[in-house]
Amino acid sequence: MAALGSNLQIDGDRLWDSLMEMAKIGPGISGGNNRQTLTDADGEGRHLFKRWCEAAGLTMGLDTMGNMFARREGTDPSLPPVYVGSHLDTQPTGGKYDGVLGVLAGLEVIRTLNDLDIRTRHPIVVVNWTNEEGTRFAPAMLASGVFAGIHEDGWAKDRMDASGKRFGDELRRIGWEGDEPVGGRPIKALFEYHIEQGPILEDEGIDIGVVTQGQGLWWLEVTLTGRESHTGSTPMPKRRNAGLGMARVTELVHEVAMDYQPNAVGAIGHVEVYPNSRNIIPGRVVFTIDIRSPDKETLDVMRGRIEKGIATICEALDIGFEIEAVGHFDPVTFDEGCVAAIRAAAERLGLSHRNIVSGAGHDACWINRVAPTAMIMCPCVDGLSHNEAEEITKDWAKKGADVLFHAVVETAVIVA
């Protein structure tokens with residue numbers, strides 16, 4: 001086996017140009033992107049990616065969930081491929097790099113191998129997972145979840161968006177429903193490259209995040225029920241204020257998360273207040289709690305404390321409550337061998353690096369259940385993501401892609 005030298009690097013300008021070209025599809029209103037899954041823009045972005053893959057000599061596979069698999073053959077086609085990729089869909093007000101960087105950096109790995117006329121024993125597959133964001137069709141990481149056996153194909157196809165459109169129907173409408181059954185593909189390893197979506201790497205001036213773990217998550221939907229009444233004429237002791245209950249739960253969630261630092265987090269996100277009138281005390285509030293930790297025991301203890309605290313708060317305010325778990329996955333520990341390959345690549349290239357825990361969910365977290373998996377992260381400006389102002393530099397993008405190239409190609413085994 002031949003080893004890669006540190007002088008072997010990807011074309012940073014070409015990667016950046018590809019990112020900017022993809023960003024023209026589904027433009028946002030403030031410089032980012034709105035390329036939500038299974039929209040016409042998503043279909044257009046897929047076509048562009050397919051054209052680029054075919055120009056690089058790749059063959060495209062497509063499964064019944066719309067996952068795209070672009071394959072570069074190895075010298076031994078019987079060996080399990082090394083997978084690399086992420087997702088092309090975005091948030092409604094998303095940035096130009098979240099997910100897309102990982103897919104197009106994977107394509108850049110292939111282009112660079114072609115430029116250098118390097119062959120690998122194992123095939124390499126660049127993957128675009130469908131509906132990672134989950135913003136239109138919940139839950140997030142839907143198609144990789146089906147691939148990993150977390151969800152049933154039929155259940156996933158029946159997910160509805162806010163306007164009542166069905167996932168399976170929309171996938172077929174845009175022309176990206178394949179014939180290949182989901183899952184069962186042999187995978188030697190999967191590498192996912194992503195922006196950090198947090199401030200740590202930029203704050204510390206670190207080039208590369210070597211992701212060792214992914215946080216586990218509980219999403220709890222809470223409904224508090226009080227009594228609607230006039231804000232001006234209802235005496236304070238007589239009030240059954242569901243809004244006040246939510247305010248106290250908000251403080252509770254923050255307090256619990258702070259008790260399990262440095263890695264635990266928690267907040268209230270989506271909120272619906274009824275009747276949402278300026279002079280009516282809220283009679284009902286529905287909101288979601290998002291708590292995360294890389295330690296399963298900590299995560300479950302946090303959930304228990306929060307649920308007990310909600311009961312105490314509601315008893316004191318004479319309001320009712322319901323709590324439903326609407327999302328969950330356990331913490332992930334990424335494969336030691338894949339993590340070591342990323343760390344070794346960063347060191348070979350002379351790049352600063354540190355271990356980091358992913359605070360967000362990613363497709364690699366589900367695939368980790370069925371194959372060895374790891375992630376690479378690059379900094380992003382002010383840690384900002386899921387925002388049209390999301391930004392990275394060309395230099396950051398290239399350094400992470402160089403590490404990706406070395407880790408993927410070494411794992412796929414160079415042919416001398």
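Residues are numbered from 1 along each chain as its sequence is written, and side-chain values use heavy atoms, with hydrogens and water left out. As the model is predicted, local features need pLDDT of at least 70 and side-chain atom pairs count only at pLDDT 80 or more, whereas totals for chains, interfaces and linings use all residues. The mean pLDDT of the protein chain is 96, and 99% of its residues reach 70 or more, where pLDDT is the predictor's confidence in each residue, from 0 to 100. Confidence is lowest in strand 12, at a mean of 92, and highest in strand 2 (residues 68-72), at 99; helices (H or I, at least four residues) and strands (E, at least two) are DSSP runs, numbered from the N terminus.

The domain assignment divides the protein chain into domain 1 (12-215 + 332-415) and domain 2 (216-329), the bounds coming from an automatic or database domain assignment. The centres of the two domains, taken over C-alpha atoms, are separated by 34 Å. At their interface, nine residues of domain 1 are in contact with ten residues of domain 2, contact meaning heavy atoms within 4.5 Å. About 700 Å² is buried between domain 1 and domain 2, and carbon and sulfur atoms give 58% of this area; buried area is the accessible area (1.4 Å probe) that two parts lose on being put together, summed over both. Of the area that domain 1 buries against domain 2, Gln215, Val357 and Trp366 supply 59%, more than any other three residues. The count of salt bridges between domain 1 and domain 2 is zero, a salt bridge being a side-chain nitrogen of Lys or Arg within 4 Å of a carboxyl oxygen of Asp or Glu.

Four strands form an open sheet in the order 9-11-7-12, with antiparallel pairing; two strands pair if DSSP finds at least two bridges between them. The edges are strand 9 (265-274) and strand 12 (320-329), each of which pairs on one side only, and the twist averages 15° from one strand to the next. Strand 7 (residues 216-225) and strand 11 (residues 284-293) run antiparallel and are joined by ten bridges, and Thr223 stands opposite Val286 in strand 11. Helix 8 (residues 242-258) packs on the sheet, where it touches strand 7, strand 9 and strand 11, and its direction makes about 5° with that of strand 11. Helix 9 (residues 296-317) also packs on the sheet, touching strand 7, strand 9, strand 11 and strand 12, with its direction at about 155° to that of strand 11. Axes are lines fitted to C-alpha atoms, for helices over the stretch in contact, and angles run from 0 to 180 degrees between N-to-C directions.

Among the backbone features, a cis peptide bond with omega of about 5° joins Ala138 and Pro139, and Pro139 lies in the loop between strand 4 (124-128) and helix 4 (142-147). The peptide bond from Tyr274 to Pro275 is likewise cis, with omega near 5°, and Pro275 is placed in the loop between strand 9 and strand 10 (280-281). Asp318, a residue other than glycine, has a positive phi near 60° and is found in the loop between helix 9 and strand 12.
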